[in-house]
Amino acid sequence: MRPLARTAAAALCTVTALGPTAACDTLFDDARSAAPYARLTGPEVVNKALAATRGAKSVRMTVETTSSEGPVEAFVATDVRGECTVTLSMGAAGTMELVRTGGTVYTLSDAAMLRAAAAPGTPRKDAEAEVKRLTGRWVKAPADDRHTRLALRYCDRKEFLDPLASKSGTARKGKPATLDSVPTLTVTGRTDDGTWTASIAAEGRPYLLRTRLTDGARGDGRPLTVEFSEFDKPFTAKKPKISPV
């Protein structure tokens with residue numbers, strides 16, 4: 001509720017002959033619950049948080065979701081220049097490390113990931129020889145590898161901010177809370193097929209600290225949780241040593 005509307009409603013509550021009503025109680029509860037950003041609407045709070053998070057020089061993200069291959073977990077560090085590191089675990093499909101620096105992408109995969117990436121129709125003997133040759137070695141990433149493409153998507157924070165931005169108009173402020181001892185404001189909203197929840201820093205810059213999209217909110221039926229941290233901290237993506245293969 002905007003300040004002018006809140007003032008008018010408060011005045012109405014004051015002069016009501018029968019005393020405070022349930023509606024008036026709700027009014028003041030809402031005002032108290034939104035104390036960290038009392039002068040802003042829900043959409044305004046979310047848009048400020050999106051702008052602050054987009055503008056950070058660097059950020060780390062922990063991503064949790066699911067895929068047809070099982071649970072997916074990614075640990076990401078990235079900056080505004082596009083430098084990036086990712087550790088991606090995809091259930092039965094295995095684990096991959098990725099570094100993007102100087103415009104070049106490098107990957108290191110375990111045996112399970114290499115087997116999952118093998119081209120359909122590759123003879124088993126040839127595929128196993130390739131797995132043995134590449135397991136645990138840094139290589140320049142092949143452009144056509146689907147797991148590499150997936151890991152690279154995690155390097156772009158827009159991938160996780162845009163779904164929230166497109167539905168920021170549904171935002172409603174909740175109560176103050178804490179996340180890892182950091183004061184936050186919880187904001188909730190709706191998507192076409194699900195809901196989202198965001199924890200926004202209530203002190204300092206209004207960074208997004210955690211977002212969660214529920215089942216169906218991204219159109220694929222899979223929940224997504226992202227935690228953001230270490231904003232603006234120095235970050236360097238070092239070129240890995242390429243192993244001879």
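Which helices and strands each supply at least two residues of the lining of the largest pocket? In this predicted model, they are β5 (104–109), α4 (111–117), α5 (124–134) and α6 (146–154). Helices (H or I, at least four residues) and strands (E, at least two) are DSSP runs, numbered from the N terminus. Local features need pLDDT of at least 70 and side-chain atom pairs pLDDT 80 or more, while totals for chains, interfaces and linings use all residues. Residues are numbered from 1 along each chain as its sequence is written, and side-chain values use heavy atoms, without hydrogens and water.

The largest pocket holds about 490 Å³ of space. Among its 25 lining residues, Leu114, Ala117, Leu134, Pro142 and Asp145 are the closest to the centre. A pocket here is an open set of points on a 1 Å grid over the protein atoms alone, where a 1.4 Å probe fits, with protein on both sides within 12 Å along at least five of seven lines; lining residues have an atom within 4 Å of a point. The volume is the space filled by probe spheres set on the points, which are joined across faces, edges and corners. Helix α5 gives the most to this lining, with 6 residues.

I turn now to a helix pair. The axes of α3 (residues 42–55) and α7 (residues 158–165), lines fitted to C-alpha atoms over the stretch in contact, come within 11 Å and cross at roughly 165°, on a scale from 0 to 180 degrees between N-to-C directions. The two helices are therefore roughly antiparallel, the term for angles over 145 degrees. In contact (heavy atoms within 4.5 Å), Val46, Leu50, Thr53 and Arg54 of α3 meet Leu161, Asp162, Leu164 and Ala165 of α7.

How values were computed:
Parallel < 35°, antiparallel > 145°, perpendicular 65-115°, else oblique.
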